[in-house]
Amino acid sequence: MNENGLEFMESSYVGEKKYPTEQESKMIKLLIKAGIVKNKKEANFFLLACVLLFVSLSMYLFTISIESEPEVIPYEKLTEAQKNQIPVNERIFIEKNLNLGKQE
């Protein structure tokens, strides 16, 4: 009995583990089988290095894409096909402003 006056029956059930605690992952087994690494510790370091490499590469490519500015081409140098890709209302606005600039 405990201090509250409750008595618990002892359970003889011990839960079975479904998976062994030292189970190697398939990726580690593959690296060892391929001969890339010799043991589990080297495989873990190799996989960690791969993750760091890919994260670094992704960050580098992401920053390059943000820092680059689009190329500005003067309207006069656009071909007629390129001008036709501009929406009509924007094209009219650009052409009016270009004509006003030439008149002044």
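R91 sits in helix α4, which covers residues 88-103. Keep in mind that this is a predicted model.

So, is R91 buried or exposed? R91 is buried, because its relative accessible area is 17% and the cut-off for buried is under 20%.

What does R91 touch? Setting aside neighbours within four places in sequence, R91 is in contact with Y75, E80, K83, N84 and I86.

Take N84 to begin with. The side chains of N84 and R91 make a polar contact at 2.6 Å.

Then there is E80. Its side chain meets that of R91 in a salt bridge, with 2.7 Å from N to O. This pair links distant parts of the chain, since E80 belongs to helix α3, residues 80-84, while R91 belongs to helix α4, and the two are 11 residues apart. How exposed is E80? E80 has a relative accessible area of 48%, so E80 is partly exposed.

How many salt bridges does the structure hold? The number is 2. Besides the one with E80, R91 forms a salt bridge with E95, where the closest N and O atoms are 3.2 Å apart. Here both partners lie in helix α4, 4 residues apart, or about one turn of the helix. In general, an α-helix has 3.6 residues a turn, so residues three or four places apart point the same way. E95 counts as partly exposed because its relative accessibility is 30%.

Put together, E80, R91 and E95 are linked in a network of salt bridges.

Now to another part of the chain, helix α2, which runs over residues 40-67 and includes L61. How many residues does α2 have, and what does it reach from end to end? Helix α2 has 28 residues and reaches 41 Å from its first C-alpha to its last, close to the 40 Å expected at 1.5 Å a residue. At the start of α2, a side-chain oxygen of N39 comes to within 3.3 Å of the backbone nitrogen of K41.

L61 also takes part in a nonpolar patch on the surface.

Last, the chain as a whole. There are 4 helices and 0 strands, and from the N terminus on the elements run α-α-α-α. Of the 104 residues in the chain, 8% are buried, and R91 is buried too, at 17% relative accessible area. The accessible surface of the chain comes to about 10,300 Å², and carbon and sulfur atoms account for 60% of that.

One more number, on contacts. What share of the contacts between residues at least 6 apart in sequence join residues at least 24 apart? That share is 0%.

That is all I have.

Methods
Residues are numbered from 1 along each chain as its sequence is written. This is a predicted model: local features need pLDDT of at least 70, side-chain atom pairs count only at pLDDT 80 or more; totals for chains, interfaces and linings use all residues. Side-chain values use heavy atoms; hydrogens and water are left out. Buried means under 20% relative accessible area, exposed over 50%, partly exposed in between (1.4 Å probe, protein chains only). Contact means heavy atoms within 4.5 Å. Accessible areas come from the Shrake-Rupley method with a 1.4 Å probe; for residues, only the protein chains shown count as cover. Patches are made of residues with over 30% relative accessible area and no salt bridge: like charges are joined within 9 Å, nonpolar side chains (Val, Leu, Ile, Met, Phe, Trp, Tyr) within 5 Å. A salt bridge is a side-chain nitrogen of Lys or Arg within 4 Å of a carboxyl oxygen of Asp or Glu. The expected span of a helix is 1.5 Å times one less than its number of residues. A polar contact is a pair of N or O atoms within 3.5 Å; within protein, one must be able to donate a hydrogen and the other to accept it, and residues adjacent in sequence count only if both atoms are side-chain atoms.
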